[in-house]
Amino acid sequence: MPSPRPRSKTGPATKPLPSAAKSAAPLTSKAASPRVALITGAAVGIGAAIAKRLAQDGLHVIVSDRDLKAATKTANAIQKTGGLATPLELDVGSAESIAAAFAQVGKTFKRCDVLVNNAGIAKTYPFIDFPLDNWNATMNINLTGTLLCSQHAARLMRKRRWGRIISIASVAGMRAVGSGRTAYGTSKAAVIGLMRQIAAELTVEGITANAIAPGPVDTPLTQVLHSPAFRKAYTAAIPAGRYGLTTEIAAMAAFLASDQAAYVSGAAIPVDGGFYAAGARGV
Ligand SMILES: NC(=O)c1ccc[n+]([C@@H]2O[C@H](COP(=O)([O-])OP(=O)(O)OC[C@H]3O[C@@H](n4cnc5c(N)ncnc54)[C@H](O)[C@@H]3O)[C@@H](O)[C@H]2O)c1
């Protein structure tokens, strides 16, 4: 990893865009133009860990979420540790919200070097009775949101001929994980396909696109979604013998966001303690 860029030590409390742009912490001369990373769904869980990590690596992180209050809290916490962070309201389920947020980013920062498509939802139902409204909501947020954010970000990246599009898919997009993930698993498989398509078109312009496929990670999402019985069975199927940490997903995102990952594009990388590779354990 490149050594961290100098960061501002002090700064006013974080405010959402556009006012935050005016009140942003003064930058040192070396950090006059840090790379800008927008992370969706960054208020809590994996997204928050990625925002923290990229800020540690010297990027100016835009902590976007549909929950602006929670995003502001996370951005403030990053600023308190000396990182550059700006909260932004962005609902990836709404094309209008996405367009407005990226217009604001373009106006304020004039760049978006790294996009992490992290926001996602998951609910499980038996396949036979899978409700259409949840299918549509899941596809809209997990897949269409990723498409639209990637398009907006790529337009800004293209101007500098450098960019990193990273999508948090799931190991459930590479193989089935138990039952009930009709919409979730399909949406994540499609996200992996989408990253390949973007890579095929934009790598030539210096913009890479990759998917991270996490195994289970303890976050507010899985605390609700995973029952104790599911948790036990899932853990038994993972060679590492445990759930992953949000920081372990963030470490992969930090690598893919770096200059060192210039030759990685169109990949789907499991970060899952060996779960995808292992198959039937104990056989
Ligand atoms: N936790 C896991 O085990 C796991 C495993 C594989 C993949 N993932 C994926 O990682 C990503 C993050 O998961 P998590 O567990 O941290 O989730 P989480 O539910 O704990 O946090 C998700 C965040 O996204 C925000 N969000 C939800 N819908 C949004 C929308 N429409 N627009 C903007 N923000 C929205 C929420 O407000 C929240 O801050 C998701 O895409 C998820 O599918 C998670």
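Select Lys110, which follows directly after helix α4 and takes a positive phi of about 60 degrees. Helices here are DSSP runs of H or I with at least four residues, strands are runs of E with at least two, and both are numbered from the N terminus. The model is a predicted one, in which local features need pLDDT of at least 70 and side-chain atom pairs count only at pLDDT 80 or more, while totals for chains, interfaces and linings use all residues. Residue numbers start from 1 along each chain as its sequence is written.

Lys110 is not a glycine, and its place is the loop between α4 (95-109) and β4 (114-117). The residue is exposed, with 12 other C-beta atoms within 10 Å. A residue counts as exposed if 12 or fewer other C-beta atoms, placed from the backbone, lie within 10 Å of its own, as buried if there are 20 or more, and as partly exposed in between.

**Helix α4**

Next, select α4 itself. Colour Ile98, Ala101, Phe102, Val105 and Phe109, the buried residues of α4. Viewed down the helix axis, these buried residues fall within an arc of 95 degrees, so they line one face of the helix. The arc is taken over the directions from the helix axis to the C-beta atoms. An α-helix has 3.6 residues a turn, so residues three or four places apart point the same way. The buried residues of α4 pack against β1 (36-39), β2 (60-65), β3 (84-89) and α5. Turned away from the buried side are the exposed residues Glu96, Ala103 and Lys107.

**Arg161**

Move to Arg161, in the loop between α5 (132-160) and β5 (163-168). Arg161 has a positive phi of about 55 degrees, although it is not a glycine. Arg161 is exposed, with 10 other C-beta atoms within 10 Å.

**The nonpolar core**

Now select Ala37, Ala51, Val61, Val63 and Ala253, which touch the most other members of the largest nonpolar core, a set of 76 residues. Such a core consists of buried Ala, Val, Leu, Ile, Met, Phe, Trp, Tyr and Cys residues joined through C-beta atoms within 7 Å. Helix α6 (residues 182-202) gives the most to this core, with nine residues. Leaving aside neighbours within four places in sequence, Ala253 is in contact with Ile50, Arg53, Val116, Ile166 and Ile212; contact means that C-beta atoms, placed from the backbone, lie within 7 Å.

**Tyr243**

Select Tyr243, in the loop between α8 (228-236) and α9 (246-256). Is Tyr243 buried or exposed? Tyr243 is buried, with 20 other C-beta atoms within 10 Å. Not counting residues up to four places away in sequence, Tyr243 touches Pro216, Val217, Asp218 and Thr235.

**The ligand**

Finally, select the ligand and the 30 residues that surround it, the closest being Gly41, Gly45, Gly120, Thr219 and Leu221. The elements giving two or more residues to this shell are α2 (45-56) and α7 (220-225). By class, the shell has 16 nonpolar, ten polar and four charged residues. Asp, Glu, Lys and Arg count as charged, Ala, Val, Leu, Ile, Met, Phe, Trp, Tyr, Cys and Pro as nonpolar, and the others, Gly among them, as polar.

Technical notes. Near = placed C-beta within 6 Å. Contact = placed C-beta atoms within 7 Å.
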